[in-house]
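Hi,

Here's the structure I said I'd pass over to you.

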Amino acid sequence: MKNLRINDLHVAVGDKEILKGITLEINRGEIHAIMGPNGSGKSVFSNTIMGDPRYKITRGDILLDGESILPLKVDERARRGIFLAFQYPQEVPGVSLSTLLWTSINARNTSRMDAAEFQKRLKKEMKRLKMDEGLTQRSVNEGFSGGEKKKSETLQLSLLSPEVVILDEPDSGLDVDAMKIVATAVKNYTITHPDSCLIVITHYQRILRYIKPRFVHVLVGGRIVKSGGYHLAREVESKGYEQFAGEGNACA
């Protein structure tokens, strides 16, 4: 079965080691959650998989379908089907959301999507997410609320149909209603794309109640200190991260 495998991953920023030997295997069709306190290395982990050049891999490998993706740049990884929804989505002045989506879809596909089909799919997904269609004509994330930014990321997920999905704190900045909409859309995506693999990175259990990951990993001090089923997310929610004190060293 095709999969994403992280082997003994060590990552540094400057002279400081942030990730200290992470090994994970995410098979197609699986949902994994990575939970951890602030500063545990969660966002460094997600951005490293995406190929962010700010982070230096000092040891280990990242394999997609058995092939190392370390030589690949960010855009090349995206074309291979890796998608990252950022914790803090960036504004892209001068580029409309519609243009970004249209360009990204056609960059991934060998055959160009018909404009009418694109508009049909776009309107359908925006209606599902309860998004104002006027947002597609505005610059990406410029002046968007926190909820609109997260919905915009989820819209990109729905239309691009990636095979490896990484959601970095998808519930950040969302009220309860918006969180339910985003979580439901993500859950539906896993149902309609059963061969995809999904990694949800979060502090809290609340969004996991809707997505229901099969595997949960606790990341503390750049190390995975415990792994288990969904019950582990409930344990973290009830007891907090203090129970793992001493099992990892705090990192920025």
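This is a predicted model: local features need pLDDT of at least 70, side-chain atom pairs count only at pLDDT 80 or more; totals for chains, interfaces and linings use all residues.

Below is what turned up in the strands and the helix.

Residues are numbered from 1 along each chain as its sequence is written, and side-chain values use heavy atoms, with hydrogens and water left out.

The sheet is an open one: four strands in the order S2-S1-S4-S5, with antiparallel pairing. Strands here are DSSP runs of E with at least two residues, helices are runs of H or I with at least four, and both are numbered from the N terminus; two strands pair if DSSP finds at least two bridges between them. At the edges sit S2 (16–27) and S5 (67–68), each pairing on one side only.

Going through the pairs:

- S1 and S2 are antiparallel over nine bridges, and Arg 5 has Glu 25 in S2 as its bridge partner. Their hairpin has two residues between the strands, and Gly 14 there takes a positive phi near 65 degrees.
- S1 and S4 are antiparallel over seven bridges; Leu 4 is partnered by Leu 64 in S4.
- S4 (residues 56–64) and S5 run antiparallel and are joined by two bridges. Leu 64 turns up again here, standing opposite Glu 67 in S5.

And the helix? H1 (residues 42–50) lies across S1 (3–13), S2 and S4, running at about 115 degrees to S1. Contact means heavy atoms within 4.5 Å; axes are lines fitted to C-alpha atoms, for helices over the stretch in contact, with angles from 0 to 180 degrees between N-to-C directions.

Cheers
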